[in-house]
Amino acid sequence: MSRIGRLPIPVPGSVTVALNRDVFTAKGPKGELTVEVPGGMTVEIGDGEIKVQRPGDTPRERAMHGLTRSLVNAAVVGVSQGYEKKLQIVGVGWRAEMKGQNLVMHLGYSHPHTVEPRWGCSFETPDQTTVVIRGADKVAVGQVAADIRSLRPPEPYKGKGVKYEGEVIRRKAGKTAGS
């Protein structure tokens, strides 16, 4: 039995869940998410918890068991608590600011980059060098954060760029002076 797939998923009181054929739906205070259940997997909704069962013991079914449980759990947690990623901007004069719902980033280029919110994500800038991305969908929050980071990824010589909070940048030594 899968160590991840066998764990029951607790359902908070503020979340309502439903299963319509192979589509699992979760509704909560942060929004509504749907997950397509892969073929063969069965999702059982009980009193305050959800269990995922697999039909057999083939390697594919074992892999899909854990994956299905993780996707359903991410949907339940997303609609109840939500997800967030924090990005830090490192560089002299580099900053981010909000203009309405859009995020405007000045990253050392000749022009600012404007990022529009998508996939149900929202932005917040507590200060000029920190960007917080929030949303109900774990995959969407991660993808939006990765897209923003790709505008100016951190470089190894001075450490300048957009990085995740807590990310460690391996620094390289520069050229040494000739002797």
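Biologist: What radius of gyration does the protein chain have, and what would a compact globule of 179 residues have?

Modeller: The radius of gyration is taken over C-alpha atoms, and the globule rule is 2.2 Å times the number of residues to the power 0.38. A compact globule of 179 residues would come out near 16 Å, but the protein chain has 21 Å. Along its principal axes, the C-alpha trace spans about 70 × 45 × 20 Å. This is a predicted model: local features need pLDDT of at least 70, side-chain atom pairs count only at pLDDT 80 or more, and totals for chains, interfaces and linings use all residues. Residues are numbered from 1 along each chain as its sequence is written, and side-chain values use heavy atoms, with hydrogens and water left out.

Biologist: How many helices and strands does the protein chain have?

Modeller: Both are DSSP runs numbered from the N terminus: helices are H or I with at least four residues, strands are E with at least two. The protein chain has 2 helices and 13 strands.

Biologist: What percentage of the residues is buried?

Modeller: Buried means under 20% relative accessible area, exposed over 50%, and partly exposed in between (1.4 Å probe, protein chains only). Buried residues make up 33% of the 179 in the protein chain.

Biologist: Which residues does Thr-25 touch?

Modeller: Contact means heavy atoms within 4.5 Å. Thr-25 lies in strand S3 and is buried, with a relative accessible area of 15%. Not counting residues up to four places away in sequence, Thr-25 touches Thr-16, Val-17, Ala-18, Glu-32, Leu-33 and Thr-34. For the protein chain, residues 24 or more positions apart account for 50% of the contacts with a separation of 6 or more.

Biologist: Where is Arg-21 found?

Modeller: Arg-21 is in the loop between strand S2 (16-20) and strand S3 (23-28). Its phi is near 60°, a positive value in a residue other than glycine. Arg-21 is exposed, at 77% relative accessible area. Asp-22 is found in the loop between S2 and S3 and counts as partly exposed at 43% relative accessibility. Leaving aside neighbours within four places in sequence, Asp-22 is in contact with Val-35, Glu-36 and Val-37. Asp-22 and Met-41 are 19 residues apart in sequence and 8.8 Å apart in space, C-alpha to C-alpha.

Biologist: Is Trp-119 buried or exposed?

Modeller: Trp-119 is exposed, with a relative accessible area of 52%. Its place is in the loop between strand S10 (113-115) and strand S11 (122-127). The phi of Trp-119 is near 55°, a positive value in a residue other than glycine.

Biologist: Which element gives the most to the lining of the largest pocket?

Modeller: Rolling a probe the size of a water molecule over the atoms shows where empty space is left. On a 1 Å grid over the protein atoms alone, probed at 1.4 Å, a pocket is an open set of points with protein on both sides within 12 Å along at least five of seven lines; lining residues have an atom within 4 Å of a point. The lining of the largest pocket includes Leu-33, Ser-70 and Lys-138. Strand S4 (31-36), helix H1 (59-80) and helix H2 (138-149) are the elements that give two or more residues to this lining. H1 gives the most, with 4 residues.
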